[in-house]
Each structure stands twice: as C-alpha cells, then as structure tokens.
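These are notes for a colleague who is opening this entry for the first time. Please read them with the structure in view.

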Amino acid sequence: MSESARPPSRESPAGRSRGGSPLPRGARLCLDYLPAGDAPRLRDLLDGGPWRDDLKRRVQHYGWRYDYRARKITHALRLGPLPLWLTPLASTIGDLPEFERVPDQVIVNEYCPEQGISAHVDCEPCFGPAIASLSLGGAVEMVFRHRQSDKSASLVLPPLSLLVLTGEARYDWTHEIPARRSDTIDGMRLPRTPRVSLTFRTAIREP
Ligand SMILES: O=C(O)CCC(=O)C(=O)O
Ligand SMILES: [Fe+2]
C-alpha cells in the first residue's frame, strides 16, 4: 500500500442518493479514495488471504473475529493486530474527521454476481460510531432503509470509493446490498462483476 500523500478525494454530490432521495445524514461517499495504483496489490493480498466460507459469501476477518450468530466480539475472538499491509490504510481512515481512533477491526466481503448482504445495522455494542467501507471491483447499489419510517435511499458504490457511516446513517438506517445479477446505474442495466469490500471498524471490547 503506497503511503504517498493522498490528494483530497471527491465526494458524491451533496447529500443526494441516486433517484434523488436524500442520503441518510451521516453517510459520506469519498470517490477515488484509494489511489488506482494501490488496488492491484491489495487485491493480490486479499486473494491469498484467509477466506472463510461460513456465510453465503466469502469473508476474511482481521483484528477481531466477529461472531455473526451471537452478534458480539469477546477476548476469545481477538485475532491480533491488523496485518502490516493493512495498517497504512487503517491509519489514514483513522485520520478522517468521523473516526475517534484508528480502526482495529476489518471484515473483507467478497460478492460474486447474485450475492449481497441483507439489511442490517452494524453491531452497536461491538463497534464504535464510525464505519468505513472501501470498494474494489465492480460497482454495486447499496440500499438504505430508515428503521422508524418507510424512507429509503440508494447509492452506487464505485470501485476505489470509501463509504463512511456515522450518526443517523450508522444507527437509524439499515444498509444492504441486494443479491442481484445486475444493477441499473445511470439508466443502464449493468451485469454485476465480482466485488470485494473492506469494512474498517473500531472494536468495543468486553470489559
Ligand atoms: O460491502 C459493503 O460495502 C458493506 C459491508 C457491510 O455492510 C458490512 O460488512 O457490515
Ligand atoms: Fe454493514
């Protein structure tokens, strides 16, 4: 991972998701967050990583293993510090204004066409108030649904972008990636291609 100075990244148009409904407050998409030249090495490192296939999609856990069933992280699930190749990225994400400290937990999700992630709020007692997902590979649509109303919004996550969720977007809205074969992006039906995301979080440890 290059540690070269990162140019200020572009953001998605102020607070608007596709279709025009406002993005949940506290959601911010940084376009071209990862320099394109850093992506191939990251993809190679992930390809050779410790994939787990206990879900419908393949995942890798770093820092702490997350127990999807019990929805918690315990001392027993500590995997150790993030690998060295992830630490420069974790520390630049930790410098974002939304983060109080450097993320120490990362989940890598691999989505083949027709795979998604169902509507959820990232575990509230397990992880801190800011969450950031870096996208690699094919673009997908993420859908947000307000937990107390029928409001929804959706956003295309392009490769190299970083989605940061805090506040209402983190706690009051669910997010999901519909399991589909294609997405309609800018009026065009685009078949899905494999996508990998890395989600950075700060673990809240058991006392
Ligand atoms: O793949 C993504 O961008 C989101 C992943 C996600 O929501 C999660 O791991 O909790
Ligand atoms: Fe999530």
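1. The largest nonpolar core has 44 residues. Val106, Ala132, Leu134, Leu162 and Leu163 have the most contacts inside it. A nonpolar core here is a set of buried Ala, Val, Leu, Ile, Met, Phe, Trp, Tyr and Cys residues joined through C-beta atoms within 7 Å. A residue is buried if 20 or more other C-beta atoms lie within 10 Å of its own, exposed if 12 or fewer, and partly exposed in between, with C-beta atoms placed from the backbone.

2. This is a predicted model, in which local features need pLDDT of at least 70 and side-chain atom pairs count only at pLDDT 80 or more, while totals for chains, interfaces and linings use all residues. Residues are numbered from 1 along each chain as its sequence is written, and chains are lettered from A and ligands numbered from 1 in the order in which they are written.

3. What does valine 106 touch beyond its neighbours within four places in sequence? Its contacts are Tyr62, Gly63, Leu82, Leu86, Leu198, Thr199 and Phe200. Two residues are in contact if their C-beta atoms, placed from the backbone, lie within 7 Å.

4. Valine 59 belongs to strand β3 (residues 58-62). Helices (H or I, at least four residues) and strands (E, at least two) are DSSP runs, numbered from the N terminus. Valine 59 counts as buried because it has 20 C-beta neighbours inside 10 Å. Residues up to four places away in sequence aside, valine 59 touches Arg52, Ile107, Val108 and Asn109. Valine 59 and isoleucine 107 are 48 residues apart in sequence, yet their C-alpha atoms are 6.8 Å apart in space.

5. Helix α2 (residues 87-94) has Leu89, Ala90 and Ile93 buried. They cover an arc of only 100° around the axis, which puts them on the same side of α2 (the arc is that of the directions from the helix axis to the C-beta atoms). The buried residues of α2 pack against β6 (131-137) and β13 (195-201).

6. An unreviewed UniProt entry annotates residues 102-204 as "domain: Fe2OG dioxygenase". UniProt positions are given in the numbering used here, feature names are shortened, and annotations may be inferred rather than shown by experiment. In the model, the end C-alpha atoms of residues 102-204 lie 13 Å apart, and the span is 5% helix and 53% strand.

7. An open sheet is formed by four strands in the order β5-β10-β7-β8, with antiparallel pairing. Two strands pair if DSSP finds at least two bridges between them. β5 (117-120) and β8 (152-157) stand at the edges with a single partner strand each, so one side of each has no neighbour in the sheet.

8. Strand β7 (residues 140-146) pairs with β8 over six bridges, and the two form a hairpin with five residues between them. Methionine 142 has leucine 155 as its bridge partner in β8. Strand β7 also pairs with strand β10 (residues 173-177), over four bridges. Phenylalanine 144 stands opposite alanine 153 in β8 and opposite histidine 175 in β10.

9. Two backbone angles deserve a check. Most residues other than glycine have a negative phi. Leucine 160, in the loop between β8 and β9 (162-165), has a positive phi near 80°. Leucine 160 is partly exposed, with 19 other C-beta atoms within 10 Å. Aspartate 186, in the loop between β11 (182-185) and β12 (188-191), has a positive phi of about 50°. Aspartate 186 counts as exposed, with 7 C-beta neighbours inside 10 Å.
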